[in-house]
Amino acid sequence: MVSTVRITIGNLKGGVAKTTTAMHLAAGLPGRVLLVDADPQASTALDWSTSAGDAWPDRIVVVPWPQADLARRVRAVADDYDHLVIDTGGEDDSILAAALMVADELVIPVAPSPLDLRRLPATFALAARVDAVSPVSARVLLVKVRRNTASARDSRALLEDMGLPVMESSVSLWEQYIQAFGALPVDLGEYADVLAELAAPDDAEQVAG
Ligand SMILES: Nc1ncnc2c1ncn2[C@@H]1O[C@H](COP(=O)(O)OP(=O)(O)OP(=O)(O)O)[C@@H](O)[C@H]1O
Ligand SMILES: [Mg+2]
């Protein structure tokens, strides 16, 4: 039995695997899942599910709500669902802020590249602003990790130096995740571990207010 998961996947930098992460996590959650596509640029989550056609399960409902009133919309229907996953776009502060108002946790996918890691504080700062109004914790999820490389080894140390919390589980740079588009992810790969960590009792660090 998994307690209710209410997560937003976001990073103010684009192209980091937010949608890939949102789709795998939504697929792995049991029961009724509301998956909000909150990307105003490209509704990739919606494209993904409609591409799956009839094979997409009714229990995972994908709605395109890439607007600032998405928190109100989510609250209006939340009772009908067991879990909530919100996929946001890059570089839109107001929509990410709205998504965090109805989430308990922000998962921030990022590749283990110093350039990308150094851009994380802007996303954490936004989460901290929302946290002051509506409690939300934020954690980094390392994705597109090439095992046994210097960047994979150094990234956790850099995050620790920056004082940013990071999930223990991480996601490799694998073809399987690229090929997952357009179908319900059946093999969750390493996202099974990510999900287990998210569903574990709440030991996530709170964002400093
Ligand atoms: N673990 C992975 N290994 C290899 N490729 C990946 C992995 N995760 C995602 N990708 C690929 O990286 C690209 C970006 O992924 P995705 O669309 O999920 O990112 P995004 O953060 O949602 O982007 P956007 O900001 O444009 O919405 C896609 O081509 C996707 O297939
Ligand atoms: Mg996306």
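**Exercise 1. Identify the polar contacts of ligand 1 and state how far the ligand is buried.**

Solution. The model is predicted.

Step 1. Begin with the backbone: a polar backbone atom of Gly15 lies 2.8 Å from an oxygen atom of ligand 1.

Step 2. Turn to the side chains. Thr20 places a polar side-chain atom 2.6 Å from an oxygen atom of ligand 1, and Lys144 has a polar side-chain atom 2.9 Å from an oxygen atom of ligand 1.

Step 3. Consider the surface of the ligand. Ligand 1 taken alone exposes 630 Å², of which the protein buries 75%.

**Exercise 2. Describe the shell around ligand 1 by residue, by class and by helix.**

Solution. 

Step 1. The shell holds 15 residues, and those that come nearest to ligand 1 are Gly15, Lys18, Thr19, Thr20 and Ser172.

Step 2. Sorted by class, the shell comprises seven nonpolar, five polar and three charged residues.

Step 3. Helix 1 (18-28) and helix 8 (175-178) each provide at least two residues of this shell. The largest share, three residues, is supplied by helix 1.

**Exercise 3. Determine how helix 1 is oriented relative to helix 2: parallel, antiparallel, perpendicular or oblique.**

Solution. 

Step 1. Two packed helices are described by the angle and the distance between their axes.

Step 2. The axes of helix 1 and helix 2 (residues 44-51) come within 10 Å and cross at roughly 50°.

Step 3. An angle of 65 to 115 degrees would count as roughly perpendicular, and one under 35 degrees as roughly parallel. Helix 1 and helix 2 are therefore oblique to each other.

Step 4. The crossing of helix 1 past helix 2 is right-handed.

Methods: Residues numbered from 1 in each chain as written. Chains lettered and ligands numbered in written order. Predicted model: local features only at pLDDT ≥ 70, side-chain atom pairs only at ≥ 80, totals over all residues. Heavy atoms only, no water. Near = heavy atom within 4 Å. Polar contact = N/O pair within 3.5 Å; in protein donor to acceptor, adjacent residues only side chain to side chain. Areas by Shrake-Rupley, 256 points an atom, 1.4 Å probe, with all protein chains shown as cover. Helix = DSSP H or I, 4+ residues; strand = E, 2+ residues; numbered from the N terminus. Nonpolar A, V, L, I, M, F, W, Y, C, P; charged D, E, K, R; others polar. Axes fitted to C-alpha atoms, helices over the stretch in contact; angles between N-to-C directions. Parallel < 35°, antiparallel > 145°, perpendicular 65-115°, else oblique. Left-handed = near helix turned anticlockwise from the far one by under 90°.
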